[in-house]
Amino acid sequence: MAENKVICYELGIFIEEENKDLLASILGELGIHDFVLGSLDCDIPAEYNPQMPKPDFYSELANDIPAIIYSEDKEYLESVKSSLEHVFKAINFKYNEKPLL
């Protein structure tokens, strides 16, 4: 019996931290409510040393705060991407885009 594998795509938008509330508002205005905002990639090796102060991983990693939109429909994400590009250009909103995976 063949197993159905579901493919999930993601569209990542990376912004400066102070703009994350504005991005959440823009996504909400576009009717996009299924997104993750502000997660960080914290998969960094670190050794415990009680003699050293704890490193501030947040400051090191939070240069750009991602908003990730997930969908099984790649065409939907392409349309979201197009809509966001239009809005971002209209308001001169700075962002970096992560390609659809």
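## Asn92

Asn92 sits in the loop that connects H3 to strand E4 (96-98). Helices (H or I, at least four residues) and strands (E, at least two) are DSSP runs, numbered from the N terminus. The model is predicted: local features need pLDDT of at least 70, side-chain atom pairs count only at pLDDT 80 or more, and totals for chains, interfaces and linings use all residues. Residues are numbered from 1 along each chain as its sequence is written, and side-chain values use heavy atoms, with hydrogens and water left out.

Although Asn92 is not a glycine, its phi is positive, at about 55°. Asn92 counts as exposed because its relative accessibility is 65%; exposed means over 50% relative accessible area, buried under 20% and partly exposed in between (1.4 Å probe, protein chains only).

Glu72 is placed in the loop between strand E3 (65-71) and helix H3 (74-91). With 56% relative accessibility, Glu72 is classed as exposed.

Glu72, Asp73, Glu75 and Glu78 form a negative surface patch. Like charges are joined within 9 Å, each placed at CG of Asp or CD of Glu.

## The chain as a whole

The chain has three helices and four strands, in the sequence pattern β-α-β-α-β-α-β. Of its 101 residues, 23% are buried.

Among contacts (heavy atoms within 4.5 Å) between residues at least 6 apart in sequence, 79% join residues at least 24 apart. The chain exposes about 7600 Å², 50% of it supplied by carbon and sulfur atoms; areas come from the Shrake-Rupley method with a 1.4 Å probe.

Methods: Patch = residues over 30% accessible without salt bridge, like charges linked within 9 Å, V, L, I, M, F, W, Y side chains within 5 Å. Salt bridge = Lys/Arg side-chain N within 4 Å of Asp/Glu carboxyl O. Lys, Arg positive; Asp, Glu negative; His and termini not counted.
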